[in-house]
Amino acid sequence: MQNTEENIKNIQSKIELYEKNYHRLPHCVKLMAVSKKKPQELIEQVYASGQRIFGESYLQEAMQKIEALQYLEDIQWHFIGPIQSNKTRDIANHFNWVHSVDRLKIMKRLNDQRDNSKEPLNVCLQVNIDNEASKSGFTVEEIDDAARQVLDMPNLKLRGLMAIPKPRKELIEQRRAFKKVQQLFTQLKMLSGDIDTLSMGMSGDIEAAIAEGSTMVRVGTAIFGSRE
Ligand SMILES: *Cc1c(COP(=O)(O)O)cnc(C)c1O
């Protein structure tokens, strides 16, 4: 059994350390706890140590947890997984945020299907920064046009970019990929004052991500232990 409270404390102190070392503002980097494949009880445990932002990748599994944990009023659910177009209605209405918006069709469906009575769905555009055939996401060249289209959609609020670079060992190489995302983010911010989120960094590359301007790191393994 993981000591999630200890794990959360460790990650929080790493985040603080990297914010300091890389001259970022204190508390500018938020922590998302990625709870995919982990049971409700562990989420409750992590919530009890003060964590509020949770990320999920698999819709069916996520919806069951969201339903069961409704009593945790200020919990925030972020969808970070691949999106099939026949699943957009549930994603649009059960989550507070979607980080993995990767094509125009998905954007339009989320906007059309988000319940009008709810506040706009927060979205990040996923950018395929290493141009990997196996990964989804917009190319760097497509982002500006996609962003302008989201800005015209009343039920979506564009918050920023999400990226999952190729796993790399060396800090310097990890930083190179994140830096490209940051440059794109800097340009994007000129389009709207609501754009404030650069979702990048996972258990293995938090330092590089924070060095390059991440404002939200998505951490699973380092909090909940490995998934099998
Ligand atoms: C699983 C996942 C994470 C968390 O990865 P860890 O290496 O376990 O920290 C972060 N982001 C996305 C998009 C994921 O699918």
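## The ligand and its pocket

In this predicted model, the ligand sits in the largest pocket. A pocket here is an open set of points on a 1 Å grid over the protein atoms alone, with protein on both sides within 12 Å along at least five of seven lines, and a molecule sits in it if more than half of its atoms lie within 2 Å of its grid points. The residues that surround the ligand are V34, K36, S57, I80, I164, M202, S203, R218, V219, G220, T221 and R227, where a residue is counted if one of its heavy atoms lies within 4 Å of the molecule. By class, this shell has five nonpolar, four polar and three charged residues; Ala, Val, Leu, Ile, Met, Phe, Trp, Tyr, Cys and Pro count as nonpolar, Asp, Glu, Lys and Arg as charged, and the others, Gly among them, as polar.

A side-chain N or O atom of T221 is 2.5 Å from a ligand oxygen atom, a polar side-chain atom of K36 lies 2.7 Å from a ligand oxygen atom, and G220 contributes a backbone N or O atom that lies 2.8 Å from a ligand oxygen atom. The protein covers 88% of the 390 Å² of accessible area that the ligand has on its own, with areas taken from the Shrake-Rupley method and a 1.4 Å probe.

## Loop residues

H27, with a phi of about 65°, is found in the loop between helix 1 (4-21) and strand 1 (30-34), and N131, with a phi of about 50°, is in the loop between strand 5 (121-127) and helix 6 (143-151). Helices (H or I, at least four residues) and strands (E, at least two) are DSSP runs numbered from the N terminus. H27 counts as exposed because its relative accessibility is 64%, and N131 counts as exposed at 58%; the cut-offs are under 20% relative accessible area for buried and over 50% for exposed, with partly exposed in between.

D102 lies in the loop between strand 4 (97-101) and helix 5 (104-113), and this residue counts as buried because its relative accessibility is 9%. K166, in the loop between strand 6 (156-163) and helix 7 (171-188), is partly exposed at 38% relative accessible area, and its C-alpha atom is 25 Å from that of N10, 156 residues apart along the chain.

## Residues in a strand and a helix

Q76 belongs to strand 3 (residues 76-79) and is partly exposed, with a relative accessible area of 29%. Q76 and W97, 21 residues apart in sequence, are 8.1 Å apart from C-alpha to C-alpha. A68 lies in helix 3 (residues 59-68) and is partly exposed at 32%, while the C-alpha atoms of A68 and L25, 43 residues apart along the chain, are separated by 36 Å.

## Basis of the values

Residues are numbered from 1 along each chain as its sequence is written, and side-chain values use heavy atoms, with hydrogens and water left out. Because the model is predicted, local features need pLDDT of at least 70 and side-chain atom pairs count only at pLDDT 80 or more, whereas totals for chains, interfaces and linings use all residues.

Conventions
A polar contact is a pair of N or O atoms within 3.5 Å; within protein, one must be able to donate a hydrogen and the other to accept it, and residues adjacent in sequence count only if both atoms are side-chain atoms. On a 1 Å grid over the protein atoms alone, a cavity is a set of points where a 1.4 Å probe fits but cannot get out, and a pocket is an open set with protein on both sides within 12 Å along at least five of seven lines; lining residues have an atom within 4 Å of a point. Buried means under 20% relative accessible area, exposed over 50%, partly exposed in between (1.4 Å probe, protein chains only).
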